Amino acid sequence: WRDHAAKYIASIHPDIVIVGSSPTYSFSEADWTDGSKKLLSVLSPAAGHIYVVRGTPALAFDGPDCLLAQADLPKMFSRGDRCHSPSVSPQNDLVYRSLQHAASAFDNVSLVDMNDALCPDGQCHAELNGHVVFRDSQHVTASFVASLSDAFAKRLGALESAGQPSAGSPGSAAVQH
């Protein structure tokens, strides 16, 4: 499926391709780097610019279940602050390093890291700024993603102003945020 999708995307020569990543697979760092390079080698010649989005951290629990358990308690016993966990993940860091290595081989590939917006101050919360963040332990809700659309657009713009090309422009260097 992935090979077919990559070939199709390359065949339509898009200005911009946004690729997600997921650190949940336990491949070695070399396997992650090689697999990412393989995908990017198909997409890069045909795309104006490719943005690879770092995989999101995961909660150590099911977010909505935690929020529901807190909501069922009387207010005086409710501890909504229990619905958070550290964002640190050695596997997520390994995958991100692999993506950095893979992206560095291509002039039109940039990495986008939104994890500081998803999990401010190194903590992932089940609820943040009035939004339920996670729909389980690892998938982000559509409403929370929508709340980050301006921040995401600004990060893409920052990549362009830091020497990254706008869609369709030749030449760039991998930038990390």
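This is a predicted model: local features need pLDDT of at least 70, side-chain atom pairs count only at pLDDT 80 or more; totals for chains, interfaces and linings use all residues.
Leaving aside its neighbours within four places in sequence, which residues is Asp136 in contact with? They are Leu59, Phe61, Asp62, Gly63 and Pro64.

## Around Asp136

Asp136 sits in the loop that joins strand E7 (131-132) to helix H6 (142-147). Is Asp136 buried or exposed? It counts as buried, because its relative accessibility is 19% and the limit for buried is under 20%. The side chain of Asp136 also reaches a backbone atom. One of its polar atoms lies 2.7 Å from the backbone nitrogen of His139. Ala126 is ten residues away from Asp136 in sequence. In space, the two C-alpha atoms are 8.9 Å apart.

## The chain as a whole

The protein chain holds seven helices and seven strands. Along the sequence they follow the pattern α-β-α-β-α-β-α-β-α-β-β-β-α-α. The chain has 177 residues, and 40% of them count as buried. Contacts across the sequence can be sorted by separation. Take those between residues at least 6 apart in the protein chain: 75% join residues at least 24 apart.

## The three-stranded sheet

Three strands make an open sheet in the order E1-E2-E4, and their pairing is parallel. Which strands are at the edges? They are strand E1 (16-20) and strand E4 (109-112), each of which pairs on one side only. From one strand to the next, the twist averages 25 degrees.

E1 pairs with strand E2 (residues 49-53) in the parallel sense, over five bridges. Within that pairing, Val17 has Ile50 of E2 as its bridge partner. Val17 also belongs to the covered face of E1, together with Val19. The uncovered face of E1 carries Ile16, Ile18 and Gly20.

Helix H4 (residues 90-103) lies across E2 and E4. Its direction is about 160 degrees to that of E4.

## Aromatic rings

How many aromatic pairs are there? The count comes to two. The table sets them out.

| Pair | Centre to centre | Angle between planes | Type |
|---|---|---|---|
| Tyr25 and Phe27 | 6.1 Å | 25 degrees | stacked |
| Phe27 and Trp32 | 5.7 Å | 70 degrees | edge-to-face |

Why is the pair of Tyr25 and Phe27 stacked? Their planes stand at 25 degrees, so the pair falls in that class; the cut-off for stacked is under 30 degrees. Phe27 and Trp32 have planes 70 degrees apart, which makes the pair edge-to-face, since that class takes angles over 60. Phe27 takes part in the pair with Tyr25 and in the pair with Trp32. Tyr25, Phe27 and Trp32 form one aromatic cluster.

Trp32 counts as buried, at 11% relative accessibility. Phe27 is partly exposed, with a relative accessible area of 46%.

The charged end of Arg54 sits over the ring of Tyr96, 4.2 Å from the ring centre.

## Positive phi in two loops

His13 has phi near 50 degrees, a positive value in a residue other than glycine. Where is His13? Its place is the loop between helix H1 (2-11) and E1. His13 counts as exposed because its relative accessibility is 53%, and exposed means over 50%.

Asn129 also has a positive phi, about 50 degrees, although it is not a glycine. Asn129 lies in the loop between strand E6 (127-128) and E7. Its relative accessible area is 68%, so Asn129 is exposed.

## Back to the start

Asn129 is exposed, whereas Asp136 is buried. Asp136 has Leu59, Phe61, Asp62, Gly63 and Pro64 as its contacts, once neighbours within four places in sequence are left aside.

Key
Residues are numbered from 1 along each chain as its sequence is written. Side-chain values use heavy atoms; hydrogens and water are left out. Helices (H or I, at least four residues) and strands (E, at least two) are DSSP runs, numbered from the N terminus. Buried means under 20% relative accessible area, exposed over 50%, partly exposed in between (1.4 Å probe, protein chains only). Contact means heavy atoms within 4.5 Å. A polar contact is a pair of N or O atoms within 3.5 Å; within protein, one must be able to donate a hydrogen and the other to accept it, and residues adjacent in sequence count only if both atoms are side-chain atoms. Two strands pair if DSSP finds at least two bridges between them. Axes are lines fitted to C-alpha atoms, for helices over the stretch in contact, and angles run from 0 to 180 degrees between N-to-C directions. Rings of Phe, Tyr and Trp (its six-membered ring) pair if their centres lie within 6.5 Å; planes under 30 degrees apart count as stacked, over 60 as edge-to-face and the rest as tilted. A charge sits over a ring if NZ of Lys or CZ of Arg is within 6 Å of the ring centre and within 35 degrees of the ring normal.
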